[in-house]
Amino acid sequence: MQEKQYKIVLIGGPATGKTTVIKALNEKGFLCFEEVSREVTLNAQKNGIEQLFLTNPLLFSELLLEGREKQYKDAEKSAENIIFFDRGIPDIKAYLDFFNTKYPAVFSEKCISYKYDLIFHFSPWQAIYTTDNERYESFEESVLIDKFIIKTYTDLGYKIINVPFGKLEERVQFILHFLNNLYD
């Protein structure tokens, strides 16, 4: 019989170090699902739409929901006990709320249907903040988005574990130490 499977989400505003930590966890042999929004954005750019979220936030969010739901289902099929996600389904709702976009009930329903076990939060950190081809938000917007993300997860009943600022390996070790305590 398989041990409990832990679905773990890394959350926070843009450019807080989530993706870097996910890559490091993947290099340590953990099953990790990358952020879906980069792929959606790059596909839209190939079709001549520079920022799909700004052009059509609902379509962008529907594509994200489809991708994140697939990741969740793929995780459930896995024999791995610990699985990491770079953002979860509730992040979509948080962004829609931040941009004051009306959306169908399915976004809220999926947040309830697909449950995660642990939520690690990465606070906005100006020292590492950068923008790039897919990340256009200012640091100030990142701080505001982060508040919406925290509120969304908290309203859904999740306990949020804050990852302290630090070097990459320190952040990874913080998460792994927390997980080791689950098995003690």
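Modeller: In helix α2 (residues 36-46), the buried residues are V36, S37, V40, T41, A44 and Q45, where buried means under 20% relative accessible area, exposed over 50% and partly exposed in between, with a 1.4 Å probe and protein chains only. Around the axis these residues cover an arc of only 165°, which puts them on the same side of α2; the arc is that of the directions from the helix axis to the C-beta atoms. An α-helix has 3.6 residues a turn, so residues three or four places apart point the same way. The exposed residues E39 and K46 are carried by the face of α2 turned away from its buried side.

The model is a predicted one, in which local features need pLDDT of at least 70 and side-chain atom pairs count only at pLDDT 80 or more, while totals for chains, interfaces and linings use all residues. Residues are numbered from 1 along each chain as its sequence is written, and side-chain values use heavy atoms, with hydrogens and water left out. Helices (H or I, at least four residues) and strands (E, at least two) are DSSP runs, numbered from the N terminus.

The partner of α2 to consider is helix α4 (residues 57-77): the two axes come within 9 Å and cross at roughly 135°. Axes are lines fitted to C-alpha atoms, for helices over the stretch in contact, and angles run from 0 to 180 degrees between N-to-C directions. The two helices, α2 and α4, are therefore oblique to each other (angles under 35 degrees count as roughly parallel, over 145 as roughly antiparallel, 65 to 115 as roughly perpendicular and the rest as oblique). Their crossing is right-handed; a crossing is left-handed if the near helix is turned anticlockwise from the far one by less than a right angle, and right-handed if clockwise. On the α2 side the contact is made by V36, S37, V40 and T41, and on the α4 side by F60, L63, L64, G67, R68 and Q71 (contact means heavy atoms within 4.5 Å). The residues of this contact divide into 5 nonpolar, 4 polar and 1 charged, with Ala, Val, Leu, Ile, Met, Phe, Trp, Tyr, Cys and Pro counted as nonpolar, Asp, Glu, Lys and Arg as charged, and the others, Gly among them, as polar.

P57 also lies in α4. Not counting residues up to four places away in sequence, P57 touches L52, L96 and T101. From P57 to K93 there are 36 residues in sequence and 11 Å in space, C-alpha to C-alpha.

In all, the contact of α5 with α7 divides into 10 nonpolar, 1 polar and 4 charged residues.

With helix α6 (residues 106-113), α5 packs at an angle of about 150°, the axes being 8 Å apart. That makes α5 roughly antiparallel to α6, and the crossing of α5 and α6 is left-handed. Here I89, P90, I92, K93 and L96 of α5 meet F107, S108, K110 and C111 of α6.
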